[in-house]
Amino acid sequence: SCRQAADGLFCGACGVVQPPGAQDHFARLGLARGFGVETADLDRRYFALQRQLHPDRFVKKSARERAVSQSQAASLNEAYETLRDPLSRAVYLLRVQGVEIEPAGGQTISDPALLMEAMEMREALAEAPDDAAVQRLAAALEADRKAGFDRLAQAFARNDTAAARAQALRLRYLGKLAEDIRGR
């Protein structure tokens with residue numbers, strides 16, 4: 001409103017909330033870009049920013065400021081939700097680096113080993129005779145997912161985007177299978 005240049009959340013001259021801008025999710029939350037995000041630090045930063053930007057704080061402000069605060073809050077929520085989940089964080093990091101984990105156009109995955117593994121896991125679930133067998137599958141799957149996230153972190157630490165992509169894709173399939181197991 002004062003026509004001064006502002007690069008933060010609020011104008012330094014007049015204190016008016018500024019539009020979100022084109023920051024990536026990490027910058028929006030004041031974090032270094034990388035896979036290893038401390039959840040407690042992420043939560044602290046998010047809630048501190050949310051206290052400043054929540055639309056309820058702008059009820060008595062102009063319509064423009066209310067709209068900008070809603071836009072800021074929405075951008076902040078999107079960043080937080082993306083970075084809070086390790087798999088969505090990995091997919092986002094890969095996308096920022098120009099790597100999509102799935103082919104464009106919804107094509108099927110071209111990795112025959114991954115397809116075979118997914119089919120075998122689904123077959124084992126379909127053939128599970130009782131709840132105890134389903135529970136064993138769930139425990140094995142959870143251990144496999146934990147190891148997969150460890151491998152994903154190692155791939156990002158090595159800047160190996162091909163390995164990170166492959167691991168993220170595999171973890172996405174394991175996540176879908178985990179949902180199916182919970183449904184059973």
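1. A salt bridge here is a side-chain nitrogen of Lys or Arg within 4 Å of a carboxyl oxygen of Asp or Glu, and by this rule the count comes to 12 salt bridges. The model is predicted, so that local features need pLDDT of at least 70 and side-chain atom pairs count only at pLDDT 80 or more, while totals for chains, interfaces and linings use all residues. Residues are numbered from 1 along each chain as its sequence is written, and side-chain values use heavy atoms, with hydrogens and water left out.

2. For the overall layout, the secondary structure of the protein chain comes to seven helices and zero strands, where helices (H or I, at least four residues) and strands (E, at least two) are DSSP runs, numbered from the N terminus. Read along the sequence, the pattern is accordingly written α-α-α-α-α-α-α. Of the 184 residues in the protein chain, 34% are buried; buried means under 20% relative accessible area, exposed means over 50%, and partly exposed lies in between (1.4 Å probe, protein chains only).

3. Among contacts in the protein chain with a separation of 6 or more, 62% come from residues 24 or more positions apart, a contact being heavy atoms within 4.5 Å. The accessible surface of the protein chain comes to about 11,000 Å², and 50% of this surface belongs to carbon and sulfur atoms. Such areas come from the Shrake-Rupley method with a 1.4 Å probe, and for residues only the protein chains shown count as cover.

4. Which residue forms a salt bridge with Glu81? The partner is Arg84, and the N to O distance between the two side chains is 2.8 Å. Glu81 and Arg84 both lie in helix α3, three residues apart, which is about one turn of the helix. The pair is also listed as a polar contact between side chains, at 2.8 Å, under a rule that asks for a pair of N or O atoms within 3.5 Å; within protein, one must be able to donate a hydrogen and the other to accept it, and residues adjacent in sequence count only if both atoms are side-chain atoms. Glu81 counts as partly exposed because its relative accessibility is 42%, and Arg84 counts as partly exposed because its value is 40%.

5. Helix α3 covers residues 63-84 and includes Arg84. Leaving aside neighbours within four places in sequence, Arg84 is in contact with Leu42 and Arg89. The C-alpha atoms of Arg84 and Leu42 are separated by 7.4 Å, although these residues are 42 residues apart along the chain. Ser75 is also found in helix α3, and Ser75 counts as buried because its relative accessible area is 15%. With neighbours within four places in sequence again left aside, Ser75 is in contact with Pro20 and Arg28.

6. Other charged pairs deserve a look. The side chains of Arg33 and Asp24 meet in a salt bridge at 2.4 Å, N to O, and Asp24 is buried, with a relative accessible area of 16%. Asp150 forms a salt bridge with Lys146, with the closest N and O atoms 3.8 Å apart; both lie in helix α6, four residues apart, about one turn of the helix. Asp150 is partly exposed at 40% relative accessible area, whereas Lys146 is exposed at 54%.

7. Helix α7 has 23 residues and reaches 33 Å from its first C-alpha to its last, close to the 33 Å expected at 1.5 Å a residue; the expected span is 1.5 Å times one less than the number of residues. The buried residues of α7 include Leu169, Arg170, Leu171 and Gly175, and the buried residues of this helix pack against α4 (86-96), α5 (112-127) and α6.

8. In α4, the buried residues are Leu87, Arg89, Ala90, Val91, Tyr92, Leu93 and Leu94. These buried residues pack against α1 (25-28), α3, α6 and α7. Just after α4, Gly98 takes a positive phi of about 85°.

9. Asn159 sits in the loop between α6 (131-157) and α7 (161-183), and Asn159 is exposed, with a relative accessible area of 68%.
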